[in-house]
Amino acid sequence: MIGFILKRLLVALPTLLAVLTIVFLFVRVAPGDPAMVILGDSASQEALEALRQQLGLNKPLWAQYVDFMLMVLSGDLGKSMLTSRPILQEVAEVLPYTVELTVASLTIGVVVGVPLGIVSAKQRNGWFDYFARVISLVGLSFPAFVSAVLMLLIFAIELRWFPVISSAALDDPEARLRALALPAFNLGLIMLAYVTRVTRSSMLGVMSEDYIRTARAKGVPGRMVVWRHALRNALIPVVTVVGLYLGVLIGNSVLTEIVFNRPGLGKLIVGALNQRDYTMLQGLMVIYAFIIVLCNLLTDMTYGLIDPRVKRQ
Amino acid sequence: MSEQAPVLDVQGLTTEFRVHGEWHAAVRGVSFQLARGETLAIVGESGCGKSITALSVMRLVPQGAGRIASGRVLLEGRDLVPLSEPEMEKVRGNRVSMIFQEPMTSLNPVLTVGFQVAESLHYHRGLGRAEARRTALALFDQVKIPSAARRFDDYPHQFSGGMRQRVMIAMALACNPAVLLADEPTTALDVTIQAQVLALLAEVREAYGMAMVFITHNLGVVASIADRVMVMYAGEVVETAPIDAVFARPTHPYTEALLRSIPRVDRNTTELQAIGGQVPAISNMPAGCRFADRCALVEPRCRVQSPPLTMLPDDPRHHVRCWVRGGETSVEALQ
């Protein structure tokens, strides 16, 4: 297993390098002169030149690239143009909020979605199956920001079960959980919809496999056929979908953070976009790239846990 | 149960499948008996109902799509047809086991082979982990899996087809069943491996004193292992006889054609003798004899009424369903 993880890490390295290069080029190629954006139209030519010098923008592209790579590799993402604080520090302050939101919605999606999909497959075309399919259709058809507004209206404003604005202090666990509930459920609903659908169809496929007939021919009780013989095989495509969807989840968390007014990476990135904080934007893109690569790595490792055929390759 | 009582007694089994909302019989009125230690070969082309017969005995006909419409399946004197699913789970893999055709897909890819063999010992014998492992290891040795102890915790994808079929056999033997149903267990294997697996099956049958139903489309395989042969065509039994009688005197035109279609190295023929035409569709069975359209001996009466299974006058153990070649005494009337 350790060899398998090391191999996967080795494969992840070139991916990261490629992503960093693209981020670098993306920011450099984007229209507009950062120096002029920062200082405004009325700035003098000397002041612009001085700032370019300071930011390293007058160096040739390859030199800027080398500077950028060295900076990232040394674990430094630079400072925000706006607040002049280190970007890593700004990220570290809000990262726990985004992580707790993502983990909570992922948990809701998997813990509810997988059993829902299994029961749905077992009672194919029964009333429960229709119910689960309607739920997942609803989850799939509502954009995250629409369901977020609806939830706020119903559960926060009408019923007053949860706070409208979700930024709670870190030191009050109960208030923090209450603040987390609606955003997490909002994001989790979409996850749940995907997971339910994939689990259902993959379970139906697996149940007609030859080895399920073998298990039944051995006299394995029906419940154990489902949980021990079918489920692990059926989970392989579910892991794929969850892994792919993690990226979407992080994207959707931006919208959710805005609607619920939660601190987090999403709010940071929107703020940086509004203020044209180039260095911050560049830093955040690197952070996102790292997160996605990490998610893929976790997905691959989960495959290794579920499917013995993966480890040997 | 007396010494003579059959371990497996199938009486008038009819299994139906739903095609376009209507139920059609895939197996119609099949009866056979199996004595202790006896091997019966069920022979016929694809779709003749031989696998469905075995799956019906196991009560593994896919629910919803198929059903046992009538008949009895007496295993050691007990009728399996009315049993509930939990009752049936106690019988499967315990008193009756089944081996399937495809060793590559019949083992669960995410569970170790050792676990898959030990599993039925746990459910049927209530053995603990260590004891089940010890018993399963002995089974591995018995089916001649080399370095069994080392390979016990391997996964199916690390095994070859022949080795996987040995695992399947070990699994089927685990609880010392009275009857073993082998559904084309060697068809998917290389010829040399086929011979080894066949020899192994014959050996464990002796060692365990099991009765065996051996399903195949290959009459050549049958000769070496079976005591009796039952030939099926389009869901019906068309001929049943002791193994020697089938080869010495194939009586039903279909059996005859089947035997002729075996390629032989000792005869100087240049082409294969195929049987012309096709098996009629399950939803479109003719009124008379089901083989009539492909039969060289067909007479007008064959197309009018379906022939009964009859006993040959000089051999009461040789039954044939044919107007032209059959005897006078109907077997069904006797039962």
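Author: A crossing of two helices is left-handed if the near helix is turned anticlockwise from the far one by less than a right angle, and right-handed if clockwise. This is a predicted model, in which local features need pLDDT of at least 70, side-chain atom pairs count only at pLDDT 80 or more, and totals for chains, interfaces and linings use all residues. Residues are numbered from 1 along each chain as its sequence is written, and side-chain values use heavy atoms, with hydrogens and water left out.

Reader: What is the handedness of the crossing of α1(A) and α4(A)?

Author: The crossing of these two helices is right-handed.

Reader: Why are α1(A) and α4(A) called oblique to each other?

Author: The axes of α1 (residues 2-29) and α4 (residues 61-73) of chain A come within 11 Å and cross at roughly 130°. Angles under 35 degrees count as roughly parallel, over 145 as roughly antiparallel, 65 to 115 as roughly perpendicular and the rest as oblique. The pair is therefore oblique.

Reader: Which residues of α1(A) meet α4(A)?

Author: Contact means heavy atoms within 4.5 Å. Among the residues of α1(A) that meet α4(A) are A:Leu17, A:Phe24 and A:Arg28, and their partners include A:Tyr65 and A:Phe68.

Reader: What makes up the largest nonpolar core?

Author: A nonpolar core is a set of buried (under 20% relative accessible area, 1.4 Å probe, protein chains only) Ala, Val, Leu, Ile, Met, Phe, Trp, Tyr and Cys residues joined through side-chain atoms within 4.5 Å. The largest has 82 residues, and B:Leu181 is one of those with the most contacts inside it. Helix α6 (residues 161-173) of chain B gives the largest share, eight residues.

How values were computed: Chains lettered and ligands numbered in written order. Axes fitted to C-alpha atoms, helices over the stretch in contact; angles between N-to-C directions. Helix = DSSP H or I, 4+ residues; strand = E, 2+ residues; numbered from the N terminus. Buried < 20%, exposed > 50% of the residue type's maximum accessible area, 1.4 Å probe, protein only.
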